[in-house]
Amino acid sequence: MFELRLLLLLAALLAIAPAKHHHNKDRPIKDSRKLEEADWWQTLEERKVIDAGSSSSSSSSSSSSAEHVVFLSENSTIVTAQTGSTPILHCEIEGVAENLVSWIRRKDRHLLTINLATYSSDDRFFTSHVRNEQDWALHLRFAQPGDDGLYECQVSTHPPVSLFVTLRLVEARAEIVGGPDKIVKSGSTLKLTCLLRSTTEPPQFVFWYHETRMINYDAGRGVSVALGRHHSELSLSPAYAGNFTCAPSNARPASINVHVLDGEQPAAMQHERASSSTLILPPFHWITLAFFISNLS
């Protein structure tokens, strides 16, 4: 009887043992999940520290990048251009990296361009690479007198670094040598020279007018025109009288009155006298006539 009870006890122990073993086998899995969760939070915290360090490093790099930016263009330069032209303000920079390059009009602190994009509502301003990709040149189409002044090329480092350019605008004008009047002999060749004053670039064209007619291409009338960088010459054979105008594409025009001498007096003057139908008497003739009339009465 005792032996039977012992066998039943052993059977019960054997039945319980697998359950305990299975229970103990589950514990490491549960602990492993907790460990993985703990590791995940630890990794997240480490990532925050890394990101913070990266941000600090980036800020440090940004602040130190000002030392690596070098302006290859000369600072405080003066660019002289004529009104109506397209002046170019150069800003050649080395070491821009991820920074922004902006152009600012100093007199009103107006932001004009950022990198190659025009920020201003005035679309006459734009930036492009002229000499090379390091040259952030500001262009201004159809420059007007109010556009002159100081301009700033700024790089967005910490702190910002800048280069300054002064734009000076002049008004170009034409001048005809020998004006405002010129007298030539009848049958001779008329030669007029038009000089371009205060020009910073050659004109695209220079038109010559006789009165209101453009005569550049009147070869059949003995007209020839020569164009230089800063002058134009008109040759007319035979010469004829009238008003001649030199009109460059980029300068204020100039005029001259030409008189052709026919005999002793200019033909234009003779024509004016011949066309007059009113008899003009010298003052002493009026006195004599008045005295004669008074004697008759």
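This is a predicted model: local features need pLDDT of at least 70, side-chain atom pairs count only at pLDDT 80 or more; totals for chains, interfaces and linings use all residues.
Residue numbers start from 1 along each chain as its sequence is written, local features need pLDDT of at least 70 and side-chain atom pairs count only at pLDDT 80 or more, while totals for chains, interfaces and linings use all residues. Side-chain values rest on heavy atoms, with hydrogens and water left out.

Disulfides were examined first. A disulfide is a covalent bond between the sulfur atoms of two cysteines. The criterion is a pair of cysteine sulfur atoms within 2.5 Å. By this rule the model has 2 disulfides. Counting the bonded cysteines of the protein chain in sequence order, the pairing reads 1-2, 3-4.

C91 sits in the loop between β3 (88-89) and β4 (93-94), and C153 sits in strand β10 (residues 149-155), so the bond ties together parts that are 62 residues apart in sequence. Strands here are DSSP runs of E, at least two residues long, numbered from the N terminus. The S-S torsion of C91 and C153 is about -80°, so this disulfide is left-handed. C91 is buried, with a relative accessible area of 0%. C153 is also buried, at a relative accessible area of 0%. The term buried means under 20% relative accessible area, exposed means over 50%, and partly exposed lies in between (1.4 Å probe, protein chains only).

The other disulfide joins C194 to C246, S to S 2.0 Å. C194 belongs to strand β14 (residues 190-197) and C246 to strand β19 (residues 242-248), so the pair ties together parts that are 52 residues apart in sequence. Both C194 and C246 are buried.

Strand β14 was then followed along its length. Its covered face carries L190, L192, C194 and L196. Its uncovered face carries K191, T193, L195 and R197. Two strands count as paired if DSSP finds at least two bridges between them. Strand β12 (residues 173-176) runs antiparallel to β14, and 4 bridges join them. Here E175 stands opposite L195 in β14. Strand β18 (residues 231-236) is also antiparallel to β14, with 6 bridges. In that pairing, L190 faces L236 in β18.

Strand β10 pairs with strand β11 (residues 161-170) in the antiparallel sense over 7 bridges. The bridge partner of C153 in β11 is L163. Both strands belong to an open sheet of 6 strands, in the order β2-β11-β10-β5-β6-β7, with mixed pairing. At the edges stand β2 (77-82) and β7 (117-118), each with a single partner strand, so one side of each is left without a neighbour in the sheet.

A further open sheet has 3 strands in the order β3-β9-β8, with antiparallel pairing. Its edge strands are β3 and β8; each has a single partner strand, so one side of each has no neighbour in the sheet. Strand β8 (residues 125-129) and strand β9 (residues 136-140) are antiparallel over 5 bridges. T127 stands opposite L138 in β9. F125 has L140 in β9 as its bridge partner. A hairpin of 6 residues connects β8 to β9.

Rolling a probe the size of a water molecule over the atoms shows where empty space is left. On a 1 Å grid over the protein atoms alone, a pocket is an open set of points where a 1.4 Å probe fits, with protein on both sides within 12 Å along at least five of seven lines; lining residues have an atom within 4 Å of a point. The largest pocket has a volume of about 190 Å³. Grid points are joined across faces, edges and corners, and the volume is the space filled by probe spheres set on the points. The lining has 13 residues, of which G84, S85, E201, Q204 and N250 lie nearest the centre. By class, 3 are nonpolar, 8 polar and 2 charged. Ala, Val, Leu, Ile, Met, Phe, Trp, Tyr, Cys and Pro count as nonpolar, Asp, Glu, Lys and Arg as charged, and the others, Gly among them, as polar.

Q204 lies in the loop between β14 and β15 (206-210). Q204 is exposed, at 72% relative accessibility. Leaving aside neighbours within four places in sequence, Q204 is in contact (heavy atoms within 4.5 Å) with L227 and S249.
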